[in-house]
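The following report describes the fold of one protein chain and then the surroundings of a single residue.

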Amino acid sequence: MRSHVILDPLVTAPLSGPLLAELTALYASNSAFHRLTGDFPDPEDIRPEQVAAALAEERELPGAEILLARSSGRLTGIAVTLAQHPDPADPDPWIGLLMVDARLHGQGHGRRLAALVEDRFRAVGRTAARLAVLANNPRAMAFWTALGYEVLDHREDRGMGRPCTVLRKALTTP
């Protein structure tokens, strides 16, 4: 029997203590991803203060929501969404980050987390979702296209100028 996944928005209080330790362990488990992104100076040694700073930066974006996925009380993943892209010509909400504890990869947690995020978008009347995959991340591209996301564009990301593929999925009623 599969364990139930609970999706909780991360409150705006400063991160500290056990939650920050959980989040740091989640980020640290994904050192291969962080080697691709360049988001942390040493992907093999991710520190709590670095995770707190990265999440504080995400929280500052207008319309951003940080969602924590838990299964049987354990933090299994995180998703960062944007209600709207900074480009006003882009009408869709975005999944800015979806990361699952690397020790749980291949067990369906990512699919369940993506489905929960899509359900949240549907619940507020959104009809599609977008995201960007770094050009150097074929595993992520395979994951998202298997979930029905289709290539929309190729461009650099806004933050660091890295080459990306933009994907979009129509959110029809499941």
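## Chain overview

Of the 174 residues in the chain, 41% count as buried, where buried means under 20% relative accessible area with a 1.4 Å probe, protein chains only. The model is predicted: local features need pLDDT of at least 70, side-chain atom pairs count only at pLDDT 80 or more, and totals for chains, interfaces and linings use all residues. Residues are numbered from 1 along each chain as its sequence is written, and side-chain values use heavy atoms, with hydrogens and water left out.

The chain contains 5 helices and 7 strands, taken as DSSP runs (helices H or I, at least four residues; strands E, at least two) numbered from the N terminus. Their order along the sequence is β-α-α-α-β-β-β-α-β-α-β-β. The radius of gyration is 15 Å, close to the 16 Å of the globule rule for 174 residues, so the chain is as compact as a globular protein of that length. This radius is taken over C-alpha atoms, and the rule is 2.2 Å times the number of residues to the power 0.38.

## Surroundings of Thr37

Thr37 belongs to helix α2 (residues 31–37) and is buried, with a relative accessible area of 4%. Its side chain takes part in two polar contacts, that is, pairs of N or O atoms within 3.5 Å, one able to donate a hydrogen and the other to accept it; residues adjacent in sequence count only if both atoms are side-chain atoms.

Leaving aside residues up to four places away in sequence, Thr37 touches Leu134, Met160 and Arg162, with contact meaning heavy atoms within 4.5 Å.

How values were computed
Buried < 20%, exposed > 50% of the residue type's maximum accessible area, 1.4 Å probe, protein only.
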